[in-house]
Amino acid sequence: SQRLLAQIESDHLLAIMIEIPSDIEQMSILDIAMRFKLEYFLQFHRLQPIFMTMWCEYKFLDPSRSFRDRQNDSAHTLHL
């Protein structure tokens, strides 16, 4: 599964893909991973900045800023 995620070049597209409902009880990939405790999947290195941005920002899909840049801003915000 991580190999498939690695093939998605855009972090913004990856963020959209993990939130789209699937045909499995209309759950997203993220919902499935959390429900079935797929820790290996959730440890994919590109997901952490996306999760942090989704938690801290309303406009997390704004393509003008990369998720990697936002992670530093979000970490700073959490320490305040």
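**Figure 1. Glutamate 25, an exposed residue in a loop.** With a relative accessibility of 58%, glutamate 25 counts as exposed in this predicted model. Look for glutamate 25 in the loop between α2 and α3. Its backbone deserves a glance too: phi of glutamate 25 is near 55°, a positive value in a residue other than glycine. Glutamine 26 also has a positive phi, of about 60°, although glutamine 26 is not a glycine. The loop between α2 and α3 holds glutamine 26 as well, and at 58% relative accessibility glutamine 26 counts as exposed.

**Figure 2. The salt bridge between arginine 35 and glutamate 25.** Here the view takes in the partner of glutamate 25. Arginine 35 and glutamate 25 form a salt bridge, and their closest N and O atoms are 2.8 Å apart. This pair links distant parts of the chain, with arginine 35 in helix α3 and glutamate 25 in the loop between α2 and α3, 10 residues apart. How accessible is arginine 35? Its relative accessibility is 45%, so arginine 35 counts as partly exposed. The side chains of the two residues are also joined by a polar contact of 2.8 Å.

**Figure 3. The salt bridge between aspartate 11 and arginine 46.** A search of the whole structure finds two salt bridges, and this close-up shows the one in which the side chains of aspartate 11 and arginine 46 meet, at 2.8 Å from N to O. Distant parts of the chain are linked by this pair: aspartate 11 belongs to helix α2, while arginine 46 sits in the loop between α4 (39-42) and α5 (47-56), 35 residues apart. Are the two partners buried or exposed? Both aspartate 11 and arginine 46 are buried. For arginine 46 the relative accessibility is 9%, and the cut-off for buried is under 20%, so arginine 46 counts as buried. The side chain of arginine 46 has another neighbour to find in this view: one of its polar atoms lies 3.5 Å from the backbone oxygen of leucine 5.

**Figure 4. Helix α2, from its start to its buried face.** Begin at the start of α2, where a side-chain oxygen of serine 10 reaches to within 3.2 Å of the backbone nitrogen of histidine 12. Then follow the helix, which spans residues 11-19. Which of its residues are buried? They are Asp11, His12, Leu14, Ala15 and Ile18. Seen down the axis of α2, these buried residues fall within an arc of 160°, so they line one face of the helix.

Figure 5. Which residues make the nonpolar surface patch of about 320 Å²? Leu13, Ile16, Met17 and Ile20 make this patch. Isoleucine 20 is found in the loop between α2 and α3 (29-35). The relative accessible area of isoleucine 20 is 41%, so isoleucine 20 is partly exposed.

**Figure 6. The largest nonpolar core.** How many residues are in the largest nonpolar core? This core has 12 residues: Leu5, Ile8, Leu14, Ala15, Ile18, Leu30, Ala33, Phe41, Leu42, Phe44, Leu47 and Ile50. Two or more residues come from each of the elements α2, α3, α4 and α5. The most is given by α2, with three residues. In soluble globular proteins, nonpolar side chains tend to be buried together.

**Figure 7. The whole chain, for orientation.** Of its 80 residues, 34% count as buried.

Key: Residues are numbered from 1 along each chain as its sequence is written. This is a predicted model: local features need pLDDT of at least 70, side-chain atom pairs count only at pLDDT 80 or more; totals for chains, interfaces and linings use all residues. Side-chain values use heavy atoms; hydrogens and water are left out. Buried means under 20% relative accessible area, exposed over 50%, partly exposed in between (1.4 Å probe, protein chains only). Helices (H or I, at least four residues) and strands (E, at least two) are DSSP runs, numbered from the N terminus. The arc is that of the directions from the helix axis to the C-beta atoms. A polar contact is a pair of N or O atoms within 3.5 Å; within protein, one must be able to donate a hydrogen and the other to accept it, and residues adjacent in sequence count only if both atoms are side-chain atoms. Patches are made of residues with over 30% relative accessible area and no salt bridge: like charges are joined within 9 Å, nonpolar side chains (Val, Leu, Ile, Met, Phe, Trp, Tyr) within 5 Å. Accessible areas come from the Shrake-Rupley method with a 1.4 Å probe; for residues, only the protein chains shown count as cover. A salt bridge is a side-chain nitrogen of Lys or Arg within 4 Å of a carboxyl oxygen of Asp or Glu. A nonpolar core is a set of buried Ala, Val, Leu, Ile, Met, Phe, Trp, Tyr and Cys residues joined through side-chain atoms within 4.5 Å.
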